[in-house]
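I opened this model with a notebook beside me and wrote down what I looked up, one topic at a time. Come and read along.

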Amino acid sequence: MRIAMIGAGYVGLVSGACFSDFGHHVTCVDNDASKVEALRHGRIPIHEPGLPDLIARNVAGGRLSFASDLDRPVAQADIVFIAVGTPSRRGDGHADLSYVHAATRSLARALDGFTVIVTKSTVPVGTSDEVERIIREENPHADFAVVSNPEFLREGAAIRDFKHPDRIVIGVDQERARQVIAEVYRPLHLNASPILYTDRRTAELTKYAANAFLATKITFINEIADLAEKVGANVQEVARGIGLDNRIGPKFLHAGPGFGGSCFPKDTLALIKTGQDNETPLRIVETVVAVNDQRKRAMARKVSSAFGGNGNLRGKSIAVLGVTFKPNTDDMRDSPAVPLITALQDMGAQVRVYDPVGMPQAEKVIENVTFCRDAYDCARGAHAVVIVTEWEQFRALDLKELASIMASSVIVDLRNVYSPEEVMRNGFHYCGVGRAMPLAY
Ligand code: NAD
C-alpha cells in the first residue's frame with residue numbers, strides 16, 4: 001500500500017514509521033519545512049523512545065520518506081491519513097479544526113484515482129462528514145471515501161502502543177474503503193489485535209469517551225487522595241485495593257498533580273462543548289475538568305504547607321524536578337508543571353528547574369526560573385525539592401548528597417515515587433500525595 005501521512009508530529013511520525021515497518025510505502029508530509037528538513041537529515045524533532053532507530057531502518061529500506069509538499073505523495077497514495085493537530089480553540093474550548101480543514105482542502109485538489117482519506121486526528125463527531133463535504137466542494141470529480149480511525153497511542157510508549165494496540169477502531173461506511181484500510185492494518189490483525197468496525201460518528205465519539213473516562217479515573221483517585229490525607233489513610237493502598245477488582249482495573253489510579261498533556265485537557269473540553277451543543281450536558285466530565293483545574297494551585301499550597309502553610313514562599317528557593325507532562329516525552333503541552341511553577345512564583349518562591357529531556361521545550365514556555373544541569377545542580381541551595389514528573393532518574397536520588405547541598409531538607413513528592421519512611425530516615429521532611437504523614441518539620 002502507498003500511504004501519505006499528513007502531519008509529522010507525535011502521531012503522524014510514529015504511525016508513518018510503524019506503517020513503513022509493516023512493509024507499506026509511506027511519505028510523511030508536514031507543512032513545517034524545517035521539520036521536514038531535519039527529518040531528511042536524520043534529526044528526529046520529538047523525543048520518543050525507539051523512534052530514531054525505527055525511522056532510520058525504514059528510510060534505509062526505501063519505505064519511508066518525508067515531504068513538505070503534499071501533491072505528489074497524495075496523488076500516488078492509496079490511502080491518506082490526516083494526523084494534524086486539533087488543539088483547543090482559543091476562548092471557547094471547542095476543538096480547533098482549522099488545521100484539519102486546511103489539510104483537507106489541499107489534499108482534495110491532489111487526489112488521483114480511488115483514494116481512502118482517514119481522519120486519524122482526534123476530531124469531534126461529524127468532522128469526517130465535513131471532510132467529505134469539503135473534498136466534494138474542492139474536487140467534485142474525485143473518487144474517494146472518508147474513514148474515521150482515531151489513534152490511541154500514548155507518548156513515551158507510542159511505538160509499542162501502535163504495534164500492539166488494545167484495539168483499533170475504524171468508522172467506515174463503504175465496503176471498498178473497508179477493504180483498503182483492512183489491508184493497511186492486516187499485519188496487526190495477524191498479531192490478533194482486535195479491530196472494531198463501526199460507523200464514522202461512533203468511531204469519533206469513542207475516542208473522546210475513552211479520554212474522558214481515563215481523565216475521570218485520574219481525577220477520582222486524586223480526590224480520594226485528598227480524603228486519604230485528611231482521614232489518615234494511604235491512597236496507594238486504596239488504589240491497589242480497588243484496582244485488583246477486574247471491573248475497575250489498576251491503571252490510571254496513581255494520585256498526582258492532576259492530568260495534563262497534549263490530549264486529556266483539550267479533549268475533555270471539546271467533549272463538553274459537543275454535549276452542550278447537543279443539549280446533553282456531560283456533568284461528570286464538566287466536574288472532572290473543574291476539579292483538575294483547581295488541583296494545580298492546590299499542589300503549590302501543598303509545597304507551602306511543608307513550610308507551615310499560609311501560601312507564603314517568600315525567600316524560599318524551590319527545585320522542580322521534571323516539567324514534561326509525563327516521563328519519556330519532551331512534550332510540554334498543558335503540563336501541570338507550568339501552572340504549578342507560576343503558582344509557586346506567585347507565592348514568592350525562586351524556582352529552579354531540571355528535566356532530563358524537556359529543557360529545550362521548557363525554555364520556550366517557562367519564565368523567570370533558573371534552568372539547571374541536573375537534579376543535584378537543581379537542588380543546590382534549595383529549601384525544597386518538588387518531584388513533578390516521575391522520570392526514572394528521579395526515583396533513586398542520593399538522599400544523603402541532597403541533604404548536604406540543600407538549604408533545608410524538604411521533599412514534596414507529587415508522584416509518590418519515594419517511601420516516606422526511607423526519606424524521613426535521611427532527615428527529610430516528606431510530603432507525598434494521599435498518604436497521611438506525621439509532620440516532622
Ligand atoms: P503535533 O502538533 O505533534 O503534530 C501535528 C503536525 O501537523 C505538526 O508537525 C504540524 O506542522 C503539522 N501540520 C499542521 N497542518 C498541516 C498541514 N496542513 N499539512 C501538513 N502538515 C500539517 O500533534 P500530535 O500530538 O501528533 O496530534 C495530532 C492529532 O492526533 C491530534 O488530533 C491529537 O489530539 C491526536 N492524538 C494525539 C496523541 C498524542 O499522544 N500526541 C495521541 C492520540 C491522538
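**Entry 1: an arginine and its neighbours**

I began with R352, whose side chain reaches the backbone oxygen of C378 at 2.8 Å. I call that a polar contact, meaning a pair of N or O atoms within 3.5 Å; within protein, one must be able to donate a hydrogen and the other to accept it, and residues adjacent in sequence count only if both atoms are side-chain atoms.

Before going on, I noted that this is a predicted model, where local features need pLDDT of at least 70, side-chain atom pairs count only at pLDDT 80 or more, and totals for chains, interfaces and linings use all residues. Residues are numbered from 1 along each chain as its sequence is written, and side-chain values use heavy atoms, with hydrogens and water left out.

I found R352 in strand 10, residues 350–354. Helices (H or I, at least four residues) and strands (E, at least two) are DSSP runs, numbered from the N terminus. Is R352 buried or exposed? R352 is buried, at a relative accessible area of 16%. Here buried means under 20% relative accessible area, exposed over 50%, and partly exposed in between (1.4 Å probe, protein chains only).

Leaving aside residues up to four places away in sequence, I listed what R352 touches: S317, I318, A319, V320, T370, C372, D377, C378 and R380. Contact means heavy atoms within 4.5 Å.

**Entry 2: the ligand**

How many residues surround the ligand? I read 26, and the closest are D30, K35, T86, E155 and K266.

I then looked at single atom pairs. A backbone N or O atom of Y10 is 3.0 Å from an oxygen atom of the ligand. R333 places a polar side-chain atom 2.9 Å from an oxygen atom of the ligand. For E155, an N or O atom in the side chain lies 2.7 Å from a nitrogen atom of the ligand. On its own the ligand has 820 Å² of accessible area, and the protein covers 89% of that; the areas come from the Shrake-Rupley method with a 1.4 Å probe.

Helix 1 (10–21) and helix 5 (98–110) are the elements that give two or more residues to this shell. By type, I noted ten nonpolar, eight polar and eight charged residues in the shell. Ala, Val, Leu, Ile, Met, Phe, Trp, Tyr, Cys and Pro count as nonpolar, Asp, Glu, Lys and Arg as charged, and the others, Gly among them, as polar.

**Entry 3: two domains**

I wrote down domain 1 (2–197) and domain 2 (199–441), with bounds from an automatic or database domain assignment. Each of them gives at least three residues to the ligand shell. Their centres, taken over C-alpha atoms, are 32 Å apart, and 37 residues of domain 1 are in contact with 26 residues of domain 2.

**Entry 4: loop residues**

D334 has a phi near 50°; it sits in the loop between strand 9 (317–321) and helix 14 (337–346) and is exposed, at 51%. N416 also has a positive phi, of about 50°, in the loop between strand 13 (410–413) and helix 18 (420–425), but N416 is buried, at 8%.

Last, I checked D112, in the loop between helix 5 and strand 5 (115–119). D112 is exposed, at 54%. D112 and F144 are 32 residues apart in sequence, and their C-alpha atoms are 9.2 Å apart.

Methods:
A residue is near a molecule or strand if one of its heavy atoms lies within 4 Å of it.
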